[in-house]
Number of protein chains: 2
Amino acid sequence: MPNNPHQSPAAVEDAFYAAFARLDLILMSAIWIDGKQAVCIHPGGGLLRGKDAVLASWRDIFGGAQPPQVDHRLIATYESDDLAVRLVEERIRPRGSASEQASRVIATNVYVRRRDAWYLAEHHASLPMVEQKATPMEERKLH
Amino acid sequence: MPNNPHQSPAAVEDAFYAAFARLDLILMSAIWIDGKQAVCIHPGGGLLRGKDAVLASWRDIFGGAQPPQVDHRLIATYESDDLAVRLVEERIRPRGSASEQASRVIATNVYVRRRDAWYLAEHHASLPMVEQKATPMEERKLH
């Protein structure tokens, strides 16, 4: 993780997943934008709006959990001077799990710039899909 | 719907939902960005990448369907000169349905500007939640 997590959207993103993997609520708080602009949708969950509600949800998730193994991979990105969208594939695996299967989650992360610092404004995650080796990514059409 | 669906992110969005409500694949094709930048995640579904894959999914959805009633409401927006993110709540109801319940879907829509025209680049929708009157929005924490 970079020394200054606010230097770029990618650095904020690295810090976000580091905070998740370490169950670090202080780092998680540092990288979200303040106030009502913060929006989080956990997999299968409803809309959480405002930094207080968002951080409360992460506190619940972190409570009593063992630090998971969290990897993320960039799929697509759209960037401008003060706004960036990064579509990522997350792989989340409970640490020490006997199973080799990881949950795979597709997430859209939105970053905004305030002066010279970048912040996470929106995290929108889809339902996890259990990873199956050597199987192409499922493409369901359920809209 | 505006005469020129490309004049602003909001106008593209209106056209997107009009295309859905009218099962209009020609309009749907007109408002998506070309090539690999197009990304669509339907509720509960996997990642569709590239305009061809995205439009094929909408063709499947439209096939044999009755035009649904589709409303959308802006929840939050992040905008810059050539990139915009709009978080919306969709309400989708089969037309002529005896039930009064609509499916409520939270979606993140990403728009990019190419010269003087805006296009839809990403549509990321969550699982529908059945609407229940006079009940606060559920806020589950399942990450």
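I take helices (H or I, at least four residues) and strands (E, at least two) as DSSP runs, numbered from the N terminus. I am working on a predicted model, where local features need pLDDT of at least 70, side-chain atom pairs count only at pLDDT 80 or more, and totals for chains, interfaces and linings use all residues. Residues are numbered from 1 along each chain as its sequence is written, chains are lettered from A and ligands numbered from 1 in the order in which they are written, and side-chain values use heavy atoms, with hydrogens and water left out.

**Entry: A:Ala10**

I looked up A:Ala10 and found the residue in helix H1 (residues 9–22) of chain A. I class A:Ala10 as partly exposed, because its relative accessible area is 28% (buried is under 20%, exposed over 50%, partly exposed in between; 1.4 Å probe, protein chains only).

**Entry: aromatic rings**

I searched the whole structure and got 12 aromatic pairs over all chains. Rings of Phe, Tyr and Trp (its six-membered ring) pair if their centres lie within 6.5 Å; planes under 30 degrees apart are stacked, over 60 edge-to-face, the rest tilted. A:Phe16 and A:Tyr17 are edge-to-face, because their planes stand at 70°, with ring centres 4.7 Å apart. A:Phe16 also pairs with A:Trp58: centres 5.5 Å apart, planes at 90°, so edge-to-face again. This second pair links distant parts of the chain, with A:Phe16 in H1 and A:Trp58 in helix H3 (residues 51–62), 42 residues apart. I find A:Phe16 buried at 0% relative accessibility. A:Trp58 is buried too, at 0%. I noted one aromatic cluster formed by A:Phe16, A:Tyr17, A:Phe20, A:Trp32, A:Trp58 and A:Phe62.

**Entry: cysteines**

I found zero disulfides over all chains (cysteine sulfur atoms within 2.5 Å). A:Cys40 is buried, at 0% relative accessible area. B:Cys40 is buried, also at 0%.

**Entry: chain A against chain B**

How many residues does the contact take from each chain? I count 49 from chain A and 49 from chain B (heavy atoms within 4.5 Å). The buried area is about 3900 Å², with 64% given by carbon and sulfur atoms; this is the accessible area (1.4 Å probe) that two parts lose on being put together, summed over both. E4(A) gives the largest share, six residues.
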